[in-house]
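Here is a short briefing on a protein model. Look at the structure first, then read the points below.

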Amino acid sequence: MKKTDADHVELVSVLTCPECGHVETETMPTDACQYFYDCKGCGAVLRPKAGDCCVFCSYGTVPCPPIQLHGPGEDGGCCGHGN
């Protein structure tokens with residue numbers, strides 16, 4: 001993923017549930033990783049895939065703001081740790 005600068009970070013991502021295919025537009029937090037997301041279609045609790053830091057990096061159209069700014073860390077996580 002190409003890094004961006006703070007003026008060009010996208011804060012909206014479209015999440016797609018892997019269980020039911022429900023699509024929902026969500027605003028990403030800028031101050032924390034979002035590890036869980038409750039699907040509004042089927043109620044499944046989404047968790048990051050192995051190697052991803054959050055649900056936006058796993059199921060969203062846009063990766064989370066820290067990944068957009070800095071790229072994945074050496075340990076694969078955006079918040080100082082991998083999964």
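**Contacts of one side chain**

The side chain of Gln68 reaches the backbone nitrogen of Glu10 at 2.8 Å. This is a predicted model, where local features need pLDDT of at least 70 and side-chain atom pairs count only at pLDDT 80 or more, while totals for chains, interfaces and linings use all residues. Residues are numbered from 1 along each chain as its sequence is written, and side-chain values use heavy atoms, with hydrogens and water left out.

**More on Gln68**

- The Gln68 side chain also reaches the backbone oxygen of Pro63, at 2.7 Å.
- Gln68 sits in helix H2, residues 65-70. Helices (H or I, at least four residues) and strands (E, at least two) are DSSP runs, numbered from the N terminus.
- Gln68 is buried, with a relative accessible area of 3%. Buried means under 20% relative accessible area, exposed over 50%, and partly exposed in between (1.4 Å probe, protein chains only).

**Salt bridge**

- Side chains of opposite charge can pair when their charged atoms come close.
- How many salt bridges does a search of the whole structure find? The search finds one. A salt bridge is a side-chain nitrogen of Lys or Arg within 4 Å of a carboxyl oxygen of Asp or Glu.
- The partners are Glu26 and Lys40, and their closest N and O atoms are 2.6 Å apart.
- Glu26 lies in strand S2 (residues 23-27) and Lys40 in the loop between strand S3 (37-38) and strand S4 (45-46), so the pair ties together parts that are 14 residues apart in sequence.
- Glu26 is buried at 16% relative accessible area, whereas Lys40 is exposed at 53%.

**Cysteines**

- A disulfide is a covalent bond between the sulfur atoms of two cysteines.
- The whole structure holds zero disulfides, counted as pairs of cysteine sulfur atoms within 2.5 Å.
- Cys20 is in no disulfide, and its nearest cysteine sulfur, that of Cys39, is 3.7 Å away.
- Cys20 is partly exposed, at 42% relative accessible area.
- Cys64 is buried, at 5%.

**Cavity**

- One cavity of 30 Å³ or more turns up in a search of the whole structure. A cavity is a set of points, on a 1 Å grid over the protein atoms alone, where a 1.4 Å probe fits but cannot get out.
- The largest cavity holds about 30 Å³ of space. That volume is the space filled by probe spheres set on the points, which are joined across faces, edges and corners.
- Residues lining the largest cavity include Cys33, Phe56, Cys64 and Pro65. Lining residues have an atom within 4 Å of a point.
- The lining divides into eight nonpolar residues, one polar and no charged. Ala, Val, Leu, Ile, Met, Phe, Trp, Tyr, Cys and Pro count as nonpolar, Asp, Glu, Lys and Arg as charged, and the others, Gly among them, as polar.

Conventions
1 Å grid on protein atoms, 1.4 Å probe; cavity = no way out; pocket = protein on both sides within 12 Å on 5 of 7 lines; lining within 4 Å. Polar contact = N/O pair within 3.5 Å; in protein donor to acceptor, adjacent residues only side chain to side chain.
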